[in-house]
2 protein chains.
Amino acid sequence: MNQSLIKELDNIRSLPEQYHKNVLYVSPKQQNNIREKTILFAGVGLGSVIAEAVLRIGFEKFILIDGDQVEKSNLNRQNYISDNVGVSKVNAVKQRLLSINPKAQIETHQLFLTPENMDGFIKRCDIAINAIDFDIASNSLLFDKICQKNKVPIVHPFNFGWAGAAYVITPESDLMPIKSKKNTRYELTLIKDFIKKYKKKKGLKLDWFEKFLEDYSKYSSIISPPQLVVGSHLASAIVTNILFSLSNGIKVKTFPKSYFLSSR
Amino acid sequence: MNQSLIKELDNIRSLPEQYHKNVLYVSPKQQNNIREKTILFAGVGLGSVIAEAVLRIGFEKFILIDGDQVEKSNLNRQNYISDNVGVSKVNAVKQRLLSINPKAQIETHQLFLTPENMDGFIKRCDIAINAIDFDIASNSLLFDKICQKNKVPIVHPFNFGWAGAAYVITPESDLMPIKSKKNTRYELTLIKDFIKKYKKKKGLKLDWFEKFLEDYSKYSSIISPPQLVVGSHLASAIVTNILFSLSNGIKVKTFPKSYFLSSR
């Protein structure tokens, strides 16, 4: 064994034991930075999967907001177990996060964000994950607007089945426009935008995504968008990198630029 | 509401309730096919994250093999909780999988695969995930050889920090060569191959990966490869798509072709 090499390595991996294997990817300073940031989760559907990844890399302060209870049909892609069905989502996520890191600070609010209550939560966080349903698109987009006013960066994660994606809105970037036509789901507009950009401009093969758009256009008036665990895991990887980067002054792509990863 | 549309949708989503939201991405026939496949996990480090995604999409038959116990330093990226530290990995994964789907069939073996015991397990599965450490690269590559002889496809997942990747070996494809130089970790050879292919041929920006290769080359004699939860989630998304595709006759890329997704 090379003793001077071991000593050198000990310096760069002076991380708490549970983060030892972050070494070389995460410096001790970066590990400290992310521990101090408070992340607001507006919605813990897809947010439930993202929260676990974000905790595992080393974030320790969370504000979780969601009025929903766990349903059996969430289990195909969200971070819940069978016994959670019928209980509050934020409480179930809190329990899971604490089981991994008992020292994490998890604040929960079982309620839905409205134009009246958003401001108070936003003022107390460093970065927000906007995973509010687009059923009321105007609420989701108003959330961004209030964050921007408060200089809080926002990450919008998307579960697109076999793909995952995200937009980042910063105080300097554009806001997402309210552009879906009347009686058309906002998600359909988003999917069209992503297909256009990544198929035509980046040359990805997205036949499966075009087929999905065609099928879902037909049924979108009667069901909310289908989603897979694959999209959850891709979105959580994308968002974890974005939160780490925003917390450490590493440049990220901001709206209208985007992140998009497809498993196919 | 359009009644005929609802009826039509009811047909295509005649999936068990926990898989309802797979609709349009997964047909009832495909959902049945994956439920019947037995997946062998050779190693449940990275395999622990993959197993959960694979279960959530609808696989229900698992053989888990790993002789290791959970260590605190696994928590930054593997699917374990604080209370699991010191207990058998396969038992901890079994408990987690059953908490999500109590009807799943999870067979566990707390042992390490050796040239002597591989054959019996391989004969009983439909697809194998080879997540055996490369500490003894020859064991990992022998595993592939025996799978190929038994006509069992193998998926090799890789956690590359901010990226995830996989190779697929089928009875018709090439095997991965034993090509790492003496005293050089197999992972270094792999990383060089991926950088070469995806940076030069696909035009990705992988400055972070080149920097990691440089740093890790220095320390690779004294530590096993650092890994992040980001790589775990990317690998699990990639592998879930591959297992679904292999089970449903959808074409996959086989070695020497590869899957590679980077969050940066």
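Entry 1: The cut-offs I use are under 20% relative accessible area for buried, over 50% for exposed and partly exposed in between, with a 1.4 Å probe and protein chains only. I note that this is a predicted model, where local features need pLDDT of at least 70, side-chain atom pairs count only at pLDDT 80 or more, and totals for chains, interfaces and linings use all residues. Residues are numbered from 1 along each chain as its sequence is written, chains are lettered from A and ligands numbered from 1 in the order in which they are written, and side-chain values use heavy atoms, with hydrogens and water left out.

I then looked for the partner of E210(A). Its side chain meets that of K199(A) in a salt bridge, 3.2 Å from N to O. This pair links distant parts of the chain, 11 residues apart: E210(A) is in helix α8 (residues 207-219) of chain A and K199(A) in helix α7 (residues 186-201) of chain A. K199(A) is partly exposed at 28% relative accessibility. A salt bridge here is a side-chain nitrogen of Lys or Arg within 4 Å of a carboxyl oxygen of Asp or Glu. Helices (H or I, at least four residues) and strands (E, at least two) are DSSP runs, numbered from the N terminus.

**Entry 2: other salt bridges.** I searched the whole structure and counted 18 salt bridges over all chains. One network of salt bridges links R35(A), E36(A) and K61(A).

In chain B I looked up E52(B) and R96(B), which form a salt bridge at 2.8 Å, N to O. E52(B) belongs to helix α3 (residues 46-57) and R96(B) to helix α4 (residues 89-100) of chain B, 44 residues apart. Are these two residues buried or exposed? Both E52(B) and R96(B) are buried.

I also checked R124(B), whose side chain meets that of E107(B) in a salt bridge of 2.5 Å, N to O. R124(B) sits in the loop between α5 (118-122) and β4 (127-130) of chain B, and E107(B) in strand β3 (residues 105-109), 17 residues apart. R124(B) is partly exposed at 43%, and E107(B) is partly exposed at 26%.

**Entry 3: helix α9 of both chains.** The axes of α9(A) and α9(B), each residues 229-247, come within 8 Å and cross at roughly 155 degrees. Axes are lines fitted to C-alpha atoms, for helices over the stretch in contact, and angles run from 0 to 180 degrees between N-to-C directions. The two helices are therefore roughly antiparallel to each other, a term for angles over 145 degrees, while under 35 is roughly parallel, 65 to 115 roughly perpendicular and the rest oblique.

Residues of α9(A) including V229(A), H233(A) and A237(A) meet residues of α9(B), among them V229(B), H233(B) and A237(B). Contact means heavy atoms within 4.5 Å. I sorted this contact by class and found 8 nonpolar, 8 polar and no charged residues. Nonpolar covers Ala, Val, Leu, Ile, Met, Phe, Trp, Tyr, Cys and Pro, charged covers Asp, Glu, Lys and Arg, and the others, Gly among them, are polar.

α9(A) also packs with α3(B) at about 145 degrees, with the axes 9 Å apart. V229(A), V230(A) and H233(A) meet V49(B), A53(B), R56(B) and I57(B) there.

**Entry 4: E60(A).** I found E60(A) in the loop between α3 (46-57) and β2 (61-65) of chain A. E60(A) counts as buried at 15% relative accessibility.
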